[in-house]
Amino acid sequence: MIRLEKSFVATELPRAIARMTVEDATRLSRRSILKTGAAGLALGVYLARGNKAFAQQPPASPVNVAPNTFLIIGSDNTVTVLCKHIEMGQGPFTGMATLVAEELDADWSQMRADHAPSNPGLYKNLAFGVQGTGGSTAIANSFEQMRKVGASARAMLVGAAAAEWNVPAEEITVQNGVIRHSSGKEGRFGEFAEKANQQPLLENPKLKDSSQFRLIGKEGVVKRLDSAAKSNGSAVYTMDINEPGMLTVLIARPPRFGGTVASFDASATKAIPGVVDVKQVPMGVAVYAKGFWAARKGREALKVTWDDSKAEKRGTAQLLSEFRTLSKTPGKIVKQEGAVDAEFAKGGGRIIEAEFVFPYLAHAAMEPLNSYLKWDGEKVVSRFGSQFPTPDMAVIAKVLGVKPENVDLKTILAGGSFGRRAQQTTHIAFELASVAKAIGPGPGVKVVWTREDDMRGGYYRPYAVHKMRGLVRDKKIVAWTDTIVSQSIMKGSPFEAMTMKNGLDSTVYEGSNEIPYDVENFRCDLHQVEIGVPVLWWRSVGHTHTGYAVEAFVDELLDAAGIDPVEGRLALMSKKPRHAGVLKAVAELSNWKNAKLAPGRARGVAVVESFNTFVAQVVELSMTEEGPKVHKVWCAVDCGVAVNPDIIRAQMEGGIGFGLGHILYADIPLEEGRPVSGNFDTYRSLRINEMPEIEVTIVQSTEKPSGVGEPGVPPIGPAVANAIAKLGLTRPRQLPMVPGASV
Amino acid sequence: MTQLTLKINGQSHSIDADPDMPLLWAIRESVGLTGTKYGCGVAQCGACTVFVAGQPVRSCSMPVSAVGADEITTIEGLKSKEALAVQKAWVKLDVPQCGYCQSGQIMSATSLLELNAKPTDRDIDLAMNGNICRCATYVRIRAAIHDAAKSLEG
C-alpha cells in the first residue's frame, strides 16, 4: 500500500539494537528469547510447540542481554524463523524461511516459522520505519536482512563446531543442516546451538552469489510451511481464541458513517442468558457476553437511537452525479507534458472520450474482523491479526493509559486481509482497547464483527470516476488527458507526509500519472473530494481503478487507430523495457499472434506495473446471458529475482481470481449513506465454477526482488474489458460489469 | 437453555445451550473444536461445513437442537481414506493461502470423493460452488481434488 521509497538498509539493524532500551531488552528476554550472541539472531534450545496463539513463548531466560531475534534453533534441530510480516495468505512465513535457510544451508524439512512479537526496534519494516506489512514489501525489504541472519547463524554454528572439534573453521562445511569436517566428524544445528551463542557475530557476513542458490528461485524444493496446519483445522486465527472467562463482544454500530449514539435501552439485552454487560463505547454500544450467540442475540434486543446529524447521508447515485459534474473540468494538475489543450484544439484526427466509474468495494476477507485483549490495569496481552503492530500497540497503550512496553501484542495468522487489517486510523486496535477499558481490567475481551458488520463497516476501496480524452492522428496517440474524481485515503492520517504532494494523495492517482506509453501531450489531474465514508487501501490500492482506466482506454485508442493491442503497446513502450518484457512474454505464452479461437470467443490484453512488479495478462472469454465467462488467463510477471516461484504463481492465480470477482460482481452501493450489501448473497464473490484456467510465466530477472501480493490484481479487469470489445460489444466503463448481481 | 448431547467425532459432549443456537457455535465454543469456521452466518460461504449423519451441512444455519442423535464429523475428526487423500493433496499442491476457508473446502471435497470416485470438472463445480475462497485458490482446489481422486485409484 505504500510504495517502497528506498531500498532496504541493512545497516539499520545495529542502530536498532543501539536504540533499544533496557525495558525492551528485559521484556523481550523474558518473553521470547533465550541466550543470544548479538544482533542478528538468538540461538537457543527452545522446542517449537506448534502455532497456537499463546503457546509459542519459549521459557524465560535468565540472561538479560539485548537480543535481536529472527531465529530460534531448537535442540531438535528445528530452525524457527520469526517473521516480522503478518502471514495472511501471501506467504511471508515461507518466504522469510527460504531466505534464512538458503544462507544457513539448512534442510528445508527443519524450517519452521512464527510471527515475531511487536518490537519496532527489532522488527520494523525497513520500507516504513515501523513494524507493519503492506505495499507488497515483505520480500523486497527482507531479502538482504534475512539472508544476513542466516549467514551469521551459519558462521556462529561453524565457529562453535570448530572450537568443539578443535579444527579450523575453514575446513568445515555445512550442507542440508549437517555440519561436517573432513576428518569425518559431523553434527547437527541443535548440538551446537547453545555454544554458538558464545561465537562472535559477523556484522557483514559474506552472502552467496546467486549462482550458488539451491532454494531461492528453485522449483519444487520449498513447500509452504503453513499448508498442513491449514488443511487439518489446527491453524489458529483470532476468531479461534477461546480463553477461560473470556467475553465475546459485539458492537451495535451506527447504520450511517459518522452517526453517534443518541440514547440506548439495554433492558431487553440484559435479560438474555449469557449477556454479561452493555456499555457505550466511542464507536457504538458494546454487548459483552459468554459466547458469540448470546452476544448476537443481545445485540438484536438492543434499542439504540442514533444521532445522524453529522453523518454522511449521500447515496452513491448522488455521489456519481456530483463526481460527473466535477469531471467536466480539470482538477488540480498532477502531471502535465507537452501542450495538450493546444493539440486537441488543432483539429484533425479523432477524439475519443470515455468515462469510467468504479464502485466502493469491501475487502471481505474470509475471517471477519476481530481482536483479543486482556489486561489487569497495568499489563496488557493482546493477540490479533495486526498488520500494523507498532501503531496498534501505541494506540492500545494510549487508550488504556499504560506504558507501551507493558503492551504485549503479537500478531497471529489472519484469515485474509487484502489491506483491511492495516488501517491508517488504527481503528481496530482503538476499538479493542476502548471495549476493554469500558468494562475495566479483568476478563479477556474478544471483539467480533459479524459478516454484515464487516461488509457495512466502511474502509472501502474509494469510489472513483476517470474522465478520459484521447486524440488519435495518423495511427498515433498524440494527446491524452485523465481527470480523476475520488477520495483521499491518506489525508489526515500519519501517512500524509509520506504519500501526499501539494495536497494530492498519490494513492489516488498512482498509475494514472505515469503511464508506460510515449504520449507527447499528456495531462493527469485530480479532484480530491471530501466524503464521510471511511476509505482504505484495497489490494493494489490506486491501481485497482487507474490500471483499469489506463489499460481499457489505451486499448480503445489503439483500436481506433487500427493497431494490434500488443504491437501497438510495444511500439509506445520505448522507455519501459520491463513492461515490454512481460507483454512480450504473455503474448508468446498465449500464442497471441496465431491462436485460432473458437466461435464466440475473444481475447484481450493488459499490462500494469504496481509496487515495482510488472504483470501482463491475456484473457480468453465468451459472453453468456449471465455475463462474461472467462475461460483462460495467461499471465507473465516480472518481480525481479524470484524467491519462491510457486508462491509467485499462487499469488498471480489468487490475484486474478480476486480481481475478476470484483470487476464482474462486486459493489457496495449506499442508499442515503447506508451501505446496502451486507453479506455474500448481495456482495457476490467469485466461485469455483467462475474461476478460469490460469497459466503463469515468471520472467527471469536480476533486478532486486519486489512483491507479488497485490500486482496480480490490476490487469485482469481491463484485459476482460478489452476482450469484450473484441467481441463487438461495448467496452464496460462502469463497474461492476454485471450490476445487481446476487447469488 | 437446554441440556443437549452432541456426538462429535466419535465422542459425546453434554452442553447447555439455547436450542436455537446454530450448531457452529456449539462446535466452536461449547466443545472447543475451532477448525470449523464462521464466515458468513447465512449458509453462503461454506466455511462452517461439517458432516451430520455423513451429509455435508452448513453448521452456521442449523439449530443445535435439530441435530438430535446424529453423528457429527468436523475437520478434526476426518478419517476416511477419501478425506486423508484430500488433505494430502492439499498439502502436496500447497492449496491454502490464508487458509480460513479450507476446512470447509476440504469437507466438501471429501464428501464429493466419497460419492464420486472420479469427478469431472463439472462435478467439482457443482459440489464445490457453495464454498467461497476469497484468496481464490480455486485453481489448486480443483487440481488437488483430481490429484486425490487419482491417488485413490491405485
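Keep in mind that the model is predicted.

I'll start with chain A. Helix α16(A), residues 543-561, and helix α20(A), residues 716-726, have axes that come within 8 Å and cross at roughly 30°. Angles under 35 degrees count as roughly parallel, so α16(A) and α20(A) are roughly parallel to each other. Their crossing is right-handed. On the α16(A) side, the residues involved include Y548(A), E551(A) and D555(A), and they meet residues of α20(A) including P718(A), A721(A) and N722(A). By class, this contact has 5 nonpolar, 3 polar and 3 charged residues.

Now chain B. It has an open sheet of 5 strands in the order β2-β1-β5-β3-β4, with mixed pairing. The edge strands are β2(B), 11-17, and β4(B), 55-58. From one strand to the next, the twist averages 40°. Strands β3(B) and β4(B) run antiparallel and are joined by 4 bridges; V52(B) has Q55(B) in β4(B) as its bridge partner.

Which strands does α3(B) touch when it packs on the sheet? They are β3(B) and β4(B), and the helix direction makes about 40° with that of β3(B). Helix α1(B) lies across β1(B), β2(B) and β3(B), running at about 105° to β2(B).

Last, the two chains together. 45 residues of chain B are in contact with 48 residues of chain A. On the chain B side, the elements giving two or more residues include α1(B) and α3(B), while α5(B) gives the most, with 4 residues. The residues on that side divide into 24 nonpolar, 13 polar and 8 charged.

Methods:
Residues are numbered from 1 along each chain as its sequence is written. Chains are lettered from A and ligands numbered from 1 in the order in which they are written. This is a predicted model: local features need pLDDT of at least 70, side-chain atom pairs count only at pLDDT 80 or more; totals for chains, interfaces and linings use all residues. Axes are lines fitted to C-alpha atoms, for helices over the stretch in contact, and angles run from 0 to 180 degrees between N-to-C directions. Angles under 35 degrees count as roughly parallel, over 145 as roughly antiparallel, 65 to 115 as roughly perpendicular and the rest as oblique. A crossing is left-handed if the near helix is turned anticlockwise from the far one by less than a right angle, and right-handed if clockwise. Two residues are in contact if their C-beta atoms, placed from the backbone, lie within 7 Å. Ala, Val, Leu, Ile, Met, Phe, Trp, Tyr, Cys and Pro count as nonpolar, Asp, Glu, Lys and Arg as charged, and the others, Gly among them, as polar. Two strands pair if DSSP finds at least two bridges between them.
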